[in-house]
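Colleague: I would like to learn how to read a model like this one. Can we take it feature by feature?

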Amino acid sequence: MKPSIKNHIDKSLIADLKFSPEEVLKDVEARSKRNWKLDRALRVGNNYKTHVNLIFQDINEKVYSTELTVWAVTEQQVVLKGTLMVPITSVIDIEGV
């Protein structure tokens, strides 16, 4: 799924968003590719402090895009600077990796 409308959001506002527990990517191959990109974003973020463009969806199915550094990836969350987190199931794509 490639979003047609992306709303830019400042990463500091992510904490104000609510996320659905539903998976945004229905295709197994797309989820596998997302996991690979998250791993790559984590490595370039930690090793080179490189930013990536994270595209994700909130509970209202609004699609957002923001440039940031991925600090960690758990089984369920993408951890951003500070205490900011986005559920992996809400991530549509990662650009720049």
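This is a predicted model: local features need pLDDT of at least 70, side-chain atom pairs count only at pLDDT 80 or more; totals for chains, interfaces and linings use all residues.

Colleague: How many bridges join β2 to strand β3, and do they run parallel or antiparallel?

Modeller: Count the bridges, then read the direction. Six bridges join β2 to β3 (residues 63-68), and the two strands run antiparallel. Five residues lie between the strands of this hairpin. Among the hairpin's residues, E61 has a positive phi near 65 degrees.

Colleague: What about β2 and β7, how many bridges are there?

Modeller: Four bridges join β2 to β7, again read as antiparallel. For a facing pair here, take I55, which stands opposite D93 in β7.

Colleague: Which residues of β2 are buried on each side?

Modeller: Read the two faces separately. V52, L54 and F56 are buried on one side. N53, I55 and Q57 are buried on the other. Both faces are therefore covered. Six of the six residues of β2 are buried, so the strand is largely enclosed by the rest of the structure.

Colleague: Now the helix. Why does the span of helix α1 agree with what it should be?

Modeller: At 1.5 Å a residue, the 21 residues of α1 (residues 28-48) should span 30 Å. The end C-alpha atoms are 30 Å apart, which agrees. Just past the helix, K49 takes a positive phi of about 55 degrees.

Colleague: Which residues of α1 are buried?

Modeller: First the general idea. An α-helix has 3.6 residues a turn, so residues three or four places apart point the same way. Now the case. The buried residues of α1 are R34, K37, L38, A41, L42, V44 and G45. Their cover includes β2 (52-57), β4 (72-73), β5 (77-79) and β7 (91-95).

Colleague: How many salt bridges does a search of the whole structure find?

Modeller: Four. In one of them, K6 and E95 meet through their side chains at 3.5 Å, N to O. K6 lies in the segment before β1 (7-8) and E95 in strand β7, so the pair ties together parts 89 residues apart in sequence. K6 has 38% relative accessibility, so it counts as partly exposed. E95 is partly exposed too, with a relative accessible area of 30%.

Colleague: And K37 and D93, are they buried or exposed?

Modeller: Both are buried. Their side chains meet in a salt bridge of 2.7 Å, N to O. This pair also links distant parts of the chain: K37 is in helix α1, D93 in strand β7, and 56 residues separate them.

Colleague: What is the distance between the closest N and O atoms of D39 and R43?

Modeller: In that salt bridge the closest N and O atoms are 2.6 Å apart. The two residues are four apart in helix α1, so about one helical turn separates them. D39, at 36% relative accessibility, counts as partly exposed. R43 counts as partly exposed as well, at 38%.

Colleague: Last feature. How many aromatic pairs does the structure hold?

Modeller: Two. Read the distance between ring centres, then the angle between planes. F19 and F56 have their centres 6.0 Å apart and their planes at 55 degrees, so that pair is tilted. F19 lies in the loop between β1 and α1 and F56 in strand β2, so the pair ties together parts 37 residues apart in sequence. Both F19 and F56 are buried.

Colleague: Is the pair of F56 and Y64 stacked or tilted?

Modeller: Stacked: 5.7 Å centre to centre, with 25 degrees between the planes. F56 has a relative accessible area of 0%, so it is buried. Y64 counts as buried at 9%. Together, F19, F56 and Y64 form one aromatic cluster.

Notes
Residues are numbered from 1 along each chain as its sequence is written. Side-chain values use heavy atoms; hydrogens and water are left out. The expected span of a helix is 1.5 Å times one less than its number of residues. Buried means under 20% relative accessible area, exposed over 50%, partly exposed in between (1.4 Å probe, protein chains only). Contact means heavy atoms within 4.5 Å. Rings of Phe, Tyr and Trp (its six-membered ring) pair if their centres lie within 6.5 Å; planes under 30 degrees apart count as stacked, over 60 as edge-to-face and the rest as tilted. Two strands pair if DSSP finds at least two bridges between them.
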